[in-house]
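Here are my notes on the model, as numbered points.

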Amino acid sequence: MRAQFVLSEIGVGLRRNLTMTFAVIISVALSLALFGGALLMREQVSVMKDFWYDKVNVSIFMCNKGDAETTDKCEKGPVTADQRKTIEGDLEKMDIVDEVYHETADEAYKHYREQYGETPIAGMITPDQMQESFRVKLKDPEKYKVVATAFEGRDGVQSVADQRNILENLFNLMQGMNVAALGVMALMLVIALMLIVNTVRVSAFSRRRETGIMRLVGASSFYIQMPFIMEAAFAGLIGGVVACVLLLAGRYFLIDGGLALADKMQLVNFIGWDAVLAVLPLVLVIGLLMPAVAASVALRKYLKV
């Protein structure tokens, strides 16, 4: 009987404050969708780092004949056979080095032609302008500076380049977008909490006579507050469900259908459905508990009979 009364009171409260309840649902849905999106963005950055950092190399470019005229690092002339052999031997002795691949100038030019084909830019480079290099794969890509310190400035070495730096700008941009999403999420969360508190206050005020009678007949504070708390929790749960739908639809539209980034950017390892499904329970739990806690705190102030 009591449970039936509480449920009927929830229905009455939702109908009386239908507009504000709808506003709460939308605010909670948007804030939780941004929260879930931020979590997925962080997971995407982590997946991309694991995927690309395992493939990037440190490139040690050797001096060629033309470098002696354009850079002070090669003022002693192109790399000699002894210098090349010493560099390769030192690389193989380093514990942090996983693999070493030597690319000759002819091989570099061949790869260059394969990349640019018969385009006008292809004719701008001649074989003698290409640099031979050592492509070094590290066991830990974060230890690039160890290689750079050991070989930068050596005779025959024109430069040491870390391909990881090329990706850092992309990852920093994605992290910036993640922070921005969290900022907007925090703003929407504050708005949602204010709406919840205001909705509870209006609901409590409109039913002050009923709650006063319940107090006179000996009803406990918890029993009186329960319908209000469950109203907020129900609205929050609906908002959480809407947020889950938005996350699922967003993942499908961006990666599989619509924009189809998975087909257009095949070199990018996108997060799978398992990552999205793992976030949904957390979104639902927060959507249920956050409004309930906010309502409980608000009732201590506004439900005084």
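1. A residue is called exposed here when its relative accessible area is over 50%, and buried when that value is under 20%. The model is a predicted one. By these cut-offs, Lys-145 and Thr-149 of α6 are exposed.

2. Which residues of helix α6 are buried? Within this helix, which spans residues 144–151, they are Tyr-144, Val-147, Ala-148 and Phe-151. These four lie on the same side of α6 because the arc they cover around the axis is only 100°. Lys-145 and Thr-149 are on the other side.

3. As for what the buried side meets, the buried residues of α6 pack against two strands given as β1 (58–62) and β3 (133–138), against helix α4 (81–93), and against β4 (157–162).

4. Just after α6 comes Gly-153, whose phi is positive, at about 90°.

5. The largest pocket has a volume of about 710 Å³.

6. How many residues line the largest pocket, and which lie nearest its centre? The lining consists of 25 residues, and those nearest the centre are Gly-37, Leu-40, Met-41, Gln-44 and Leu-254.

Definitions and conventions:
Residues are numbered from 1 along each chain as its sequence is written. This is a predicted model: local features need pLDDT of at least 70, side-chain atom pairs count only at pLDDT 80 or more; totals for chains, interfaces and linings use all residues. Side-chain values use heavy atoms; hydrogens and water are left out. On a 1 Å grid over the protein atoms alone, a cavity is a set of points where a 1.4 Å probe fits but cannot get out, and a pocket is an open set with protein on both sides within 12 Å along at least five of seven lines; lining residues have an atom within 4 Å of a point. Grid points are joined across faces, edges and corners, and a volume is the space filled by probe spheres set on the points. Buried means under 20% relative accessible area, exposed over 50%, partly exposed in between (1.4 Å probe, protein chains only). The arc is that of the directions from the helix axis to the C-beta atoms. Contact means heavy atoms within 4.5 Å.
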